[in-house]
Amino acid sequence: MIRIGVIGYGYWGPNLVRNFSEQVAAAVTVVCDQRADRLAHAQRRYPAIRVTIDPADLIADPAVDAVAIATPVALHFELAMAALRAGKHVLVEKPMASTSDQAQQLIDEAARRRLVLMVDHTFVYTGAVQKMRELVINGELGDLNYYDSVRINLGLFQHDVDVLWDLAVHDLSIMDFVLPQQPVAVSATGLAHVPGRPANIAYMTMFFDGPLIAHVHASWLAPVKVRRTLLGGNRRMVLFDDLETSEKIKVYDSGISVDPNPENVYQMLIGYRTGDMWAPKLAVTEALHVEAKHFAECVATGTAPQSDGEAGLRVVRLLEAASASLRQQGRPVDIRGLVAG
Ligand SMILES: NC(=O)c1ccc[n+]([C@@H]2O[C@H](COP(=O)([O-])OP(=O)(O)OC[C@H]3O[C@@H](n4cnc5c(N)ncnc54)[C@H](O)[C@@H]3O)[C@@H](O)[C@H]2O)c1
């Protein structure tokens, strides 16, 4: 039985507590939040759990084997490092840390102490994203041409991170899991409509070696909620619509064929193919449930999680590059050599 302490019981923390509480191989023993009202809420729901306002108290508790961190991003590094130094396994929310240097330090500390370090890249554990990966690995989509995502709504304006660190991070974690290659350069543009606050609308483009491009449009200032991702290959294309209740993934047997005319490029013939569309059956278990089970298994067996510290680091590097590009109105930032595949 893995005993979990959860720090941060705001919006997301309760989902961690609920999903760990549902596990056979795990139990939540302590919940920490600096707000007394949040602790009262946790205590009402889970009377057997100890609550505390002090993260150090939770981390030092011998009845805690692993610490899950669901606080604002700025605290991820400090709390995760303190937990690792106390010999506890760590599950940290996305994005893993505020800088890639911090993410690397956490990886090194966990490795030195042989502790599990996992990042909550929730989408990686959804039936939809697992299916997308399977389609890519089985070659059903052919060579990939693009990843194109829109993640917008009238969202909560965060004060500490911009919309890319809040929303595009989901796409970066999906891409990290699904695409066979890592980006080599990043360009991002965006704007803050509230003075002094981080950008609330942003466009992030990622370039790869070869004919693959990725784009993410993220916004907290849209009148409608859209969560749509297209993954285009030269054989088939996939639409992932996370707001669809049953058919989240649709595979289109559509595409083009190019009949090259070496003599004259203007006479090149493009053939259009619009074939069948089908919606594959997907696993429907809640992603966090799958993830909590996976974390407990990794702790029990000492195996590396699917969304390990390295995955968290690759995503933070892309976000850092996006922030650097955003400050320069979209100048591409070369990350070749930084993000190893
Ligand atoms: N995986 C996902 O899909 C997903 C979804 C939403 C949020 N998140 C992540 O979860 C984290 C938290 O986001 P949220 O939306 O729940 O934020 P939130 O502000 O609703 O909750 C954070 C909680 O942490 C508490 N807290 C802050 N400082 C603390 C401290 N020093 N000690 C103890 N408690 C402290 C706050 O009181 C608050 O209750 C972020 O990293 C966010 O990116 C992940």
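1. A polar contact is taken here as a pair of N or O atoms within 3.5 Å, where, within protein, one atom must be able to donate a hydrogen and the other to accept it, and residues adjacent in sequence count only if both atoms are side-chain atoms. The model is predicted, with local features needing pLDDT of at least 70 and side-chain atom pairs counting only at pLDDT 80 or more, whereas totals for chains, interfaces and linings use all residues. Residues are numbered from 1 along each chain as its sequence is written, and side-chain values use heavy atoms, with hydrogens and water left out.

2. On the ligand, an oxygen atom is 2.8 Å from a polar backbone atom of tryptophan 12, while a nitrogen atom of the ligand lies 3.2 Å from a backbone N or O atom of glutamine 34. A polar side-chain atom of aspartate 120 is placed 3.3 Å from a nitrogen atom of the ligand. Of the 850 Å² of accessible area that the ligand has on its own, the protein covers 80% (Shrake-Rupley method, 1.4 Å probe).

3. The ligand is surrounded by 22 residues, the closest being Tyr11, Trp12, Asp33, Lys94 and Thr122 (a residue is near if one of its heavy atoms lies within 4 Å). By class, this shell has nine nonpolar, seven polar and six charged residues, with Ala, Val, Leu, Ile, Met, Phe, Trp, Tyr, Cys and Pro counted as nonpolar, Asp, Glu, Lys and Arg as charged, and the others, Gly among them, as polar.

4. Two backbone features deserve a look. Lysine 94 and proline 95 are joined by a cis peptide bond with omega of about -20 degrees, and proline 95 sits in the loop between strand 5 (89-93) and helix 5 (100-113). Arginine 114, although not a glycine, has a positive phi of about 55 degrees, and its place is the loop between helix 5 and strand 6 (117-120). Helices (H or I, at least four residues) and strands (E, at least two) are DSSP runs, numbered from the N terminus.

5. Aspartate 334 lies in strand 15 (residues 333-334), and its side chain reaches the backbone nitrogen of arginine 336 at 2.9 Å. Leaving aside neighbours within four places in sequence, aspartate 334 is in contact with Val184 and Ala185, contact meaning heavy atoms within 4.5 Å. Between aspartate 334 and proline 183 there are 9.1 Å in space, C-alpha to C-alpha, although the two are 151 residues apart in sequence.
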